[in-house]
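Colleague: I have a model open and would like to walk through it with you. Can we take it one piece at a time?

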Amino acid sequence: MPADAESPVLRFDRVSVSFDAVTALADVSFQAYEGESRVIMGATGSGKTVLLKTALGLQRPDSGTVYVFGKDISRMRERELFEIRSKIGMLFQESALFDSLNIEENVSYPLLNQLSIHCPPGDVLPRVEEALKFVELEGTLEKFPSELSGGMRRRAAIARAVVTQPPLLLYDSPTAGLDPITANTIVALIVKERDLNKTTTLIVTYRYQDGNLVANFRYNPENGGLERADNHTGSQGGAAAPRTLFMVLREGRLVFEGPQTELEASTDPYISKFVKHRG
Ligand SMILES: Nc1ncnc2c1ncn2[C@@H]1O[C@H](COP(=O)(O)OP(=O)(O)O)[C@@H](O)[C@H]1O
Ligand SMILES: [Mg+2]
């Protein structure tokens, strides 16, 4: 457990967001610490995307406060927000690659366009190549998104999200529309990024298997694969995976926040809908 003195990477304090008559987020509070994961589930329209956009400062809360790296971003000016946003990576729903740009241009975009990054021109291509290597997409620099498979596009979008090495990463439905095997490879990349860089990770998903991987597996740098973590010893020895909490939204309300065991034990019909029991 994090020490009290350690400030959360992301904190929502009674955050509400509404659009005309629709309440997208209602009084949502939580805090996420360095290296932790949050698996966010909920029905369509329950506020998952709005929550991520609010964390990024793209959406302002109507009430409540959002703190990112300890700073209140809720009423921050755009210019200051740029600074904060350069430390947050976001994978938007449907990947949202720029169709008219090739993969090199897509992945270099945050390096070149985020005002506070100041990446020296000579470093751009090496960093893009490194990010593409990370997602095992070397050799696609010249390709356009339409020339890649759905899984490859998702990998390219991950490369674009991690290229600036942000300490906070937000993934909106990174496995939606993918077959189960490809989906698992995408989650493996997310876990690898989390464990190599101690990234605080929020991931929106409908697939229980995604949350299961995030909560129970960790990256093994020796063989480059995922291995089952031992989460029950509670030791510091590195055998455990970083803490993962599940969050379930319903009509903008955070109706559940807790570890996987608690989620699986829930008897609430709405909450248990998101749990796929094995066996
Ligand atoms: N820009 C917007 N204008 C109006 N309503 C919006 C806007 N963005 C989201 N909403 C509404 O807010 C609610 C939550 O949306 P969203 O966070 O996108 O849901 P989801 O959980 O499917 O990601 C929905 O009712 C949606 O219609
Ligand atoms: Mg959404």
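**Salt bridges, ligand and metal**

Modeller: Arg243 is partly exposed, with a relative accessible area of 30%. Keep in mind that this is a predicted model.

Colleague: Which residue does Arg243 form a salt bridge with?

Modeller: Its partner is Glu36, and the closest N and O atoms of the two are 3.0 Å apart. The pair links distant parts of the chain, 207 residues apart. Glu36 sits in the loop between strand 2 and strand 3 (37-42), and Arg243 in the loop between strand 10 (225-228) and strand 11 (244-250).

Colleague: Is Glu36 buried or exposed?

Modeller: Glu36 is buried, at a relative accessible area of 5%. The cut-off for buried is under 20%.

Colleague: And why would such side chains pair at all?

Modeller: Side chains of opposite charge can pair when their charged atoms come close.

Colleague: What else is linked with Glu36 and Arg243 in a network of salt bridges?

Modeller: Arg38 and Glu257 belong to that network too. Glu36 forms a salt bridge with Arg38, where the closest N and O atoms are 3.3 Å apart. Both Glu36 and Arg38 are buried.

Colleague: How many salt bridges are in the whole structure?

Modeller: A search finds 11. One of them joins the side chains of Arg11 and Asp13, at 3.8 Å from N to O. Arg11 counts as partly exposed at 28% relative accessibility, and Asp13 counts as partly exposed at 27%.

Colleague: Changing topic. Which residues are around ligand 1?

Modeller: Among them are Phe19, Val22, Ala24 and the residues Ala43, Thr44, Gly45 and Ser46. The shell divides into 5 nonpolar, 5 polar and 1 charged.

Colleague: Which polar side chain has an atom 2.8 Å from an oxygen atom of ligand 1?

Modeller: That is Lys48, through a polar side-chain atom. Gly47 uses its backbone instead: an N or O atom there lies 3.0 Å from an oxygen atom of ligand 1. A polar backbone atom of Val50 is 2.9 Å from an oxygen atom of the ligand.

Colleague: How much of ligand 1 does the protein cover?

Modeller: It covers 59% of the 560 Å² of accessible area that ligand 1 has on its own.

Colleague: Which elements give two or more residues to that shell?

Modeller: Strand 2 (22-32) and helix 1 (48-55) do. Helix 1 provides the largest share, with 3 residues.

Colleague: What about the magnesium ion, which protein donors does it have?

Modeller: The protein donors of this ion, ligand 2, are Thr49 through OG1 and Gln93 through OE1, lying 2.1 to 2.6 Å from it. Thr49 lies in helix 1 and Gln93 in the loop between strand 6 (88-91) and helix 3 (103-113), so the pair ties together parts that are 44 residues apart in sequence.

Colleague: Last one. Where does Thr244 lie?

Modeller: Thr244 lies in strand 11. It is buried, with a relative accessible area of 9%.

Colleague: What lies 3.4 Å from a polar atom of the side chain of Thr244?

Modeller: The backbone oxygen of Val214 does.

Technical notes. Residues numbered from 1 in each chain as written. Chains lettered and ligands numbered in written order. Predicted model: local features only at pLDDT ≥ 70, side-chain atom pairs only at ≥ 80, totals over all residues. Heavy atoms only, no water. Near = heavy atom within 4 Å. Polar contact = N/O pair within 3.5 Å; in protein donor to acceptor, adjacent residues only side chain to side chain. Areas by Shrake-Rupley, 256 points an atom, 1.4 Å probe, with all protein chains shown as cover. Helix = DSSP H or I, 4+ residues; strand = E, 2+ residues; numbered from the N terminus. Nonpolar A, V, L, I, M, F, W, Y, C, P; charged D, E, K, R; others polar. Salt bridge = Lys/Arg side-chain N within 4 Å of Asp/Glu carboxyl O. Buried < 20%, exposed > 50% of the residue type's maximum accessible area, 1.4 Å probe, protein only. Donors = N, O, S within 2.8 Å, 3.2 Å for Na, K, Ca; no water.
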